Structure formats: structure tokens, C-alpha cells
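Have the viewer open and follow along.

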Amino acid sequence: MPDNSTNLKLPIYLDHAATTPCDPRVVEAMLPYFTTIFGNPGSRNHRFGWEAEEGVDKARHQVAELIKADEKEVIFTSGATESNNLAIRGSAIMYEKASEGSGKCRGHIVSCAIEHKAVLDPCKRLQKEGFEATFLEPPKDGIVTAEMVKAALRDDTVLVTIMYANNEIGTINEIRQIGELCKSRDIIFHTDATQWVGKMPTDVYADNVDLMSLSSHKIYGPKGVGGLFVRRKRPRVRLTPLVDGGGQERGFRSGTLNVTGIVGLGKACEIAGQEMASDAIRLGKLRKKLEDSITSRLDTCQVNGHREKRLPHITNISFGFVEGESLMMAVKEIACSSGSACTSASLEPSYVLKNIGVGDDLAHSSLRLSLGRWTTEQEIDYSIEKIVGAVKKLRDLSPLYDMHKEGIDLSKVEWAHH
Amino acid sequence: MAYGPKIIDHYENPRNVGSFGTQAEIKQRKDVGVGLVGAPECGDVMQLQIKVGKDGVIEDAKFKTFGCGSAIASSSLATEWLKGRKVDEAAQIKNTMIVEELSLPPVKIHCSVLAEDAIHAAIEDYKAKNGIVAESPASAGSKA
């Protein structure tokens, strides 16, 4: 049994889509910037400022290289949430088609129902302020296609914002085709690439992206720092800033730069550029083992979302007839996420799973497992045993599993809703 | 969620798991009352079964629960409390007693309510099968 292995450290972290540990090489790069190189890069008249600026410039270059952008096109922010807000609000207001208070629609936005809240909520706020928005509902495979976007476009569409890859199920949208479509119609295209950048090769020009959000702490960098790609040519994209002040970051984002964090993000991008290809192959194999073992040993479980078009390190599995929170309790040695309502403050199961047509019952019983740079095969072997054992144990407790085995159609039972 | 030791104990070592037969078999058994409450979409379903002796005392109780740790613990505790009680005494078990015994956190109070509902449903099922009118205490009256 893997339980007896000597060097297996518990609990096992399989929640890398939530956050990742800092790579020690990143920490090392950051350390001098806390103490010796502490200057404000805005201080143009002395050595302390120049050295800090050099650190920031290097990081900007490292980020730009990873996404094949020009370094002048990278804006540093406090994280992908801020990047998304700046991109969506900043562009919608800059490019609006009717003035506020005119009584006319200020412009139309296309997004998707399974985006992260950091995209949905800024869109919804703009709706309250006079914009109109369409939230596409992807089919069961979870993929947003260019065709779906095309059907939603209007003459007054000012912005399309579609995530690169989904954070709950890992599915990858048709970003390049959507970019091409938006370019042909002169519509600003933003993509939230939080889960994508640093994991898979990115080329903002080949993808025809105008704005792209990225995060540091998802790619083994520190928390509290992120970036926004803002295209400077064909077209030069302008934004209305959210924060006014000292005019840093080309005026898009005022405030003294988080130099240590930015240096960390830069280093994380450099390492990702070197290692993401081999990480992706290794993690893809481990995930295959995890999924194949679980689905071959347990009946009535399903992997959610498209099986091929998805990130290699994320899997989202629903286990029929067991509930997510009790499943997480039973596998407490594994740190992961669940779509279960009982694990969230809202008491609602995952809106992502609901939207792609996973029934409420299966949404309640889902686990998201996300692998990372230091995930080992031994950890995966251990997790397989734990999860299979836990599901079997809970099914022994489940009246629904009994009824299923007796051939009772659970959807036809009259349940006493409460 | 950080649970108290009693919930963890019932969750990890649930008491009286099982049933007295398949759904079809149980429907036929007059000595067994079944309470099935909740709904899969809500994330919890409890099935509580009581086996009642000729003297009107609950000889045995079993449960199966689909739900969170608190729901499993609440139904496990309910089976412990049901055993040895007279049917009408069993009806007096209140959800607040379960909350107190397990130290259920406020967001999990609905689990105890569900357990109380399951107890009442099982008793009603037993009484209906045996033609006992809801209010009158254990006297095997003629069929209503």
C-alpha cells in the first residue's frame, strides 16, 4: 500500500488551479528587492530608483517573452482580478457607442456564463450602468467556439471577453478563431488567460488578442501580482484607467510598483518558458493515470468537460450517489476542490458545472483535482487508492446507490424537496 | 469545515448502516417503517428504517444517507436514539437535541431537521402499514 511509503508527505496538494507554491528560484530572485534594492522605480534621480527600475524592466521583458508580446505592452497589476476589471471596464468605457445618460445602449459585450466571477461581475456592473451583455452558454463539452461568438455579435458590440481555459474543468476555448473574428469586425477582444499562461505556449499576436490577463500565483510566482497585455499596434488599444494618480504603467494603472512581486512574476515566467513543455507532458501522463484508474475501478463516474481540448493538469470528476463535502472529508489527506454546495458559502453547487448541463446531483458530487510542478507519481497512486476507497465507503452509506442498483430511476422518484 | 469530535466520530464510524431489505421487500414488511426524506439536487437524502416489535418497541434501526458529514452524523445518531424506544416516544426526538449532542454548526442545522423529518416519516410509514391512526397511541386498530 502507498500508505506505508516512507517519503510520502501528507496532506497531498492537488489544488494547483487555486494557487501554487512559490518556486524557490523565484523567492531567491525576489529577496534582494526587499532589502538592498528597495528603491521606487519612479525615482529617476538616484541609483536606488534606477536599480529598482532595472528589476522591473527585466521582469517586463520576461513576461513579454513568455507571451510573445513587446515589453511595452505589459502592464503590471495586483493580480488577474484587477487585470480583468481594468481590461473589461477600461475598454468598454473607452470604446462605448453612446454617451451615458443619453438613454441609448452604451454598447454590447459578449462573454460566457462559465467565466470566472472576476469577468462576470465587471460585465454585470457595466450592464447596470447602461451596457448590454450576452453570456454565451457552452454545450456539455464546455468549449466556447468562434461560431457561438459570431452568432452573438451585434453592430454595437464593443467588447468580447472569453477566457483562454476554464478554471474548474480546464477546457480550452477557440481563442485564435475568436480573435480572428473580432479583428475582422474591429471589436476589442479580451481573454482571461489566468489558467493558461505559463502552462501552455502563448502568442498574443498569432491569437489576435487585444487584451490578456495573467496571474503570478498560478505559475509558481508570488500572490498579489499579475499582468495585463495591452496591444500597442494594429490596433493600439486604449483603456480608461480604474485608478488615477502618479501615472505609472503608461497611465493605465497608477500606484508605486510592487517591485518584489513583479520581479517574482518575471522570474516565474522565465522558468515557465523553460519548463512548461516538459511539465505538461509529465502532468498529462499522471492525470491520465489518475482518471483511467478511477473511472475503471468505479461505476457511474464521469470526467466533466471535453476530454481532449483541455489543460493537461486539471481534471474534474463527478461521482454519482456520493456528496462532495463528505467525499472531501473522506479524502482529507488530499487537498482539492469540490463543486458541492456544502463547501461553498453560497449553498449553490458550481455554476460552471450547472451551466454545461451537469445535473445538480452530479455537480454536488464533483472533485476538481489539479496537479503541479512537484506532484509525484507516488502522490497520484496514493490519491487513487484514497478516492476509490472513499467513494466505495460512501456508496455503502448511500440510499441512492442502493436504489440505482435495484434499477430505480432516481429522476422519477418524487423527492420531498426542502 | 472544522467539525467537532462527535460529528467526526459518527462520520468515520457510522452506527447502524444498512437496510432491512430492498425497496420492494421493505414495502411488504409490516414490522418495518421507512422514512426517505430530502432530494439529490439539494445534496442530501436520508433513509431511516425502524423495525418494531409486537410490544411497540423499536428493536432495531438502520440508516443510509447521501449527504455531507453532518447529515451522515445526524442520521447515525438518530438510529442510536431510536433503538429501544417505544414508537410514540421516538416521535419526541427533536432536531434541537441532535444539534446539541453533535454541536452542529449553524449552517448545518438543516441536517438535524432532516433527521427529525426522517424519524417522523418512518414512524408514519409504520403506523400507516399497520392501520394505526396517527394520533392514537400503539393500539392495533382496524384499518382506516
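Helix 3 of chain B, residues 69-82, lies across strand 2 and strand 3 of chain B, and its direction makes an angle of about 175° with strand 3 of chain B. Helices (H or I, at least four residues) and strands (E, at least two) are DSSP runs, numbered from the N terminus. Axes are lines fitted to C-alpha atoms, for helices over the stretch in contact, and angles run from 0 to 180 degrees between N-to-C directions. Two residues are in contact if their C-beta atoms, placed from the backbone, lie within 7 Å.

A word on the ground rules: this is a predicted model, in which local features need pLDDT of at least 70 and side-chain atom pairs count only at pLDDT 80 or more, while totals for chains, interfaces and linings use all residues. Residues are numbered from 1 along each chain as its sequence is written, and chains are lettered from A and ligands numbered from 1 in the order in which they are written.

Chain B has an open sheet of three strands in the order 1-2-3, with antiparallel pairing; two strands pair if DSSP finds at least two bridges between them. Its edges are strand 1 (32-39) and strand 3 (58-66) of chain B, each pairing on one side only. From one strand to the next, the twist averages 10°. Strand 2 (residues 44-52) of chain B joins strand 3 of chain B through eight bridges, and across this pairing Gln49(B) stands opposite Lys62(B).

Where does chain B meet chain A? The contact takes 25 residues from chain B and 26 residues from chain A. On the chain B side, strand 1, strand 2, strand 3 and helix 3 each supply at least two residues, and strand 1 of chain B gives the largest share, four residues.

Chain A, for its part, holds 13 helices and 13 strands. The domain assignment, which is automatic or from a database, gives domain 1 (9-20 + 276-403) and domain 2 (24-272) of chain A. Their C-alpha centres lie 29 Å apart, and the contact takes 21 residues from domain 1 of chain A and 26 residues from domain 2 of chain A.

Finally, the C-alpha trace of chain A spans about 75 × 60 × 35 Å along its principal axes.
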